[in-house]
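Subject: Structure handover

Hello,

Here is the structure for you to look over. My notes on what was found follow below it.

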Amino acid sequence: MDGREALPTGIDSLDALLPSGGLHRGTLVEWLAEGEGAGAETLALIAATQATRSGGALVVVDHRQTFYPPAAAALGRNLDEIVLVRPRTAGDALWALEQSLRCPGAAVVLCRLDRLHNRGVRRLQLAAETGGTIGFLMRPAAVRSLPSWADVRLLVTPLPSSTPSGRRLRLEIIRCRKGTGGGAVDVEINHETGSVRPVSPLAPATSAGRSAGA
Amino acid sequence: MVLYDRARRGGFCVVTCTPEAERAGVRPGLPLAEARALLAGIPHARYERHDPQADREALRELAARCQCFSPYVGIEQAEAPESLLLDLDGVAHLFGDEPGLAAQLVKAFKRKGYRVRVAVADTIGAAWAVAHFDPASGLRPVVVPPGESGHALGSLPVKALRLPGTVLDQLHTLGLDQIGQVLALPRAGLPSRFGPVLLERLDQATGRLGETFVPHRPAEPVEAEWPLEHPTADRRVLEGVCRELLGRIVAKLSARREGVLRLWCCLETVKPCEPVNVSVELIEPRACLRDLRELLRLRLDRITLSAEVCRVHLLVTQTAGIPCHQRELFDIGQERQRRRELARLLDRLSSRLGAQAVLRPRICPDHQPEYAVRFRPVVWADKPDQKKRSAQRVCRMALPLSRPVRLQPRPVAVEVMAVIPDGPPVRFTWKGRSYAVERWWGPERIATGWWRIRDVQRDYYRVETEEGRRFWLFREVREEDWFLHGTFE
């Protein structure tokens, strides 16, 4: 429809689930997670690596002022490409988010968005389309049932890791504009390298005592 | 440190270098690859592209500083000016005498980190020649006594006369290498042999012909103001006034081919209220009227007017030259376009949210996690960070999942239940939810030195709950209290 090629996210298992093999510029991607410490933003930061590699900045709109850049740096992000926007009020945050999405100079815009009526999300989607940016919206899992203007809606659920080699998460596509939703994959983020590998849910659990500690 | 630029034959060659590099054998004109090979043993060698525009700006700034020594300061007329000319008529006695003035000049420049060669003489030509080519001027300022210019010039090479290359070649083939030899020749024959230039320069140097220079005048500040006949607090009127004033400012600046970097707007209100000051800071110099209007409007939207405004005054406090980009035939300037758009976005965000709200993170080599990162507003000019490389190295040593993506602004106390010996709590409660710890990594002892007023000693644990959620907890060693510092979102 828009003729823009799909950008691979760098997470092969996620690309395999997406119908076009990647994310399109000018669209919104919703990362849903329930509760705290679920791991969705870690995956989002890894997925943003590939998009910013072709030029453009990663703009993080952080209204609550909790974003911690050393974690992003440890995941391999280049801090020169990150711009942190810390508005004081939620209204300012929404304005900043829209302005950043509208700017072609930003490759990916990351923001935590708890509640927003659908009209607001539509505005953001139009802004992303104008600017050709990819918007990563981190949202609570409760919005799962609501209709959405985002191109892709992903649900990230933490899994108890049975190996100390990495962190396990389940990635599910709830909704995808072109193609069918419903694909899911279990991935593991390696503790040493930060790379994301798919794991079979039936992988045998090795005993913790024998493996080397992280 | 080596500055390089494109050579005529293609490739890069050295333009100039520091004495350290010179000692290693690097000379102007050397191909860059050779220079790199010569300096391979020096680890901190830096190579930067030569920027003549920046040189000229710096020279203009120095000329402005020299105003305290002489009312007339000029920059030499040359393609790549390197010298400043000061007229010392009637000024020397204020500093004692001429050698005293020269010594103070050297000291003033040394304080700024510059090495200078100073020469004082009757004429511009003589002073230039002595400063550039007299070996003594490198050690201390040389003062040529009045009337003895000819004598001082005698032993200097002919290059010191500022002659074009063709004339120099001719003199060289004839074996005339020193000015003294040229002075000895009969004057009448010189113009026909070498052209009028040689005689002109000789006369200028000896004082027969007068030479003047154009004194450098610091640019007058660009400002515009508008007194309102009927004081008003109506936003639309003020916006219109600002539009008109910005138009005038942009017109003045575009003649100079400069853009606004910092703009200051003062709204004087009807007494007894204080005037309202607003400032707009930009990342890149901009002269586009539409952009400036929008940025000013965004700033003014944030202020509340308590009284009516009777005068609007706009002053440009900082400008910078706008480099002209030659459009390439196939416009591969997409990268540049993107960067420009990003700069526009950041200006807009800084204008409305404040400069402290749009930041670039910088890793600091500090153990305490709250201080391990410093934020710098994007509108503050970026200085090349030498420590950046070492700091990035510090963070790359950290494992990918070792630091939480989200850090609480302040560590939050959590209620714990039963602690594993030498480990984290078995259960803890946070935000009304209870978590059972299944796996944990640690402890990571983070302690700051006693010299810090509020020093900390913490044992950090990365815990994973039975659901798979991960948190960053720590125990304050001295008080034995447990806190949650971050979440691995």
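**Between the chains**

Chain A and chain B are joined by 8 salt bridges (a side-chain nitrogen of Lys or Arg within 4 Å of a carboxyl oxygen of Asp or Glu). One of them links A:Glu34 to B:Arg469, with the closest N and O atoms 3.5 Å apart.

Please keep in mind that this is a predicted model: local features need pLDDT of at least 70, side-chain atom pairs count only at pLDDT 80 or more, and totals for chains, interfaces and linings use all residues. Residues are numbered from 1 along each chain as its sequence is written, chains are lettered from A and ligands numbered from 1 in the order in which they are written, and side-chain values use heavy atoms, with hydrogens and water left out.

The contact (heavy atoms within 4.5 Å) draws on 58 residues of chain A and 53 residues of chain B. About 5,000 Å² is buried between chain A and chain B; buried area is the accessible area (1.4 Å probe) that two parts lose on being put together, summed over both. Carbon and sulfur atoms give 57% of that area. On the chain A side, A:Glu36, A:Tyr68 and A:Trp95 supply 15% of the area buried against chain B, more than any other three residues.

**The chains**

Chain A has 5 helices and 11 strands. Chain B has 14 helices and 20 strands. These are DSSP runs, numbered from the N terminus: helices are H or I of at least four residues, strands E of at least two.

Of the 214 residues of chain A, 58% are buried. For the 489 residues of chain B, the figure is 40%. Buried means under 20% relative accessible area, exposed over 50%, partly exposed in between (1.4 Å probe, protein chains only).

Take contacts between residues at least 6 apart in sequence. In chain A, 66% of them join residues at least 24 apart. In chain B, 52% do.

**Cores**

The largest nonpolar core holds 47 residues. Such a core is a set of buried Ala, Val, Leu, Ile, Met, Phe, Trp, Tyr and Cys residues joined through side-chain atoms within 4.5 Å. A:Trp31, A:Leu43, A:Leu110 and A:Phe136 have the most contacts inside it. Helix H2 (residues 40-53) of chain A gives the most to this core, with 8 residues. A:Trp31 touches residues including A:Ala40, A:Leu43, A:Ala44 and A:Ala47, and also A:Phe136. Another core, of 32 residues, lies apart from the largest one. Among its members are A:Leu124, A:Ala128, B:Leu342 and B:Leu345.

**A sheet in chain B**

Four strands of chain B form an open antiparallel sheet, in the order S8-S11-S9-S10. Strands count as paired if DSSP finds at least two bridges between them. The edge strands are S8 (223-232) and S10 (276-286) of chain B, each pairing on one side only. Neighbouring strands are turned by 15° against each other on average, direction ignored. Helix H11 (residues 235-256) of chain B packs on the sheet and touches S8, S9 and S11 (309-321). The direction of H11 makes about 165° with that of S8(B). Axes are lines fitted to C-alpha atoms, for helices over the stretch in contact, and angles run from 0 to 180 degrees between N-to-C directions.

S9 (residues 258-269) and S10 of chain B pair over 7 bridges. B:Val260 has B:Arg286 as its bridge partner in S10(B).

B:Ala320 sits in S11 of chain B. Leaving aside neighbours within four places in sequence, B:Ala320 contacts B:Glu258, B:Gly259, B:Leu261 and B:Pro285.

Best regards
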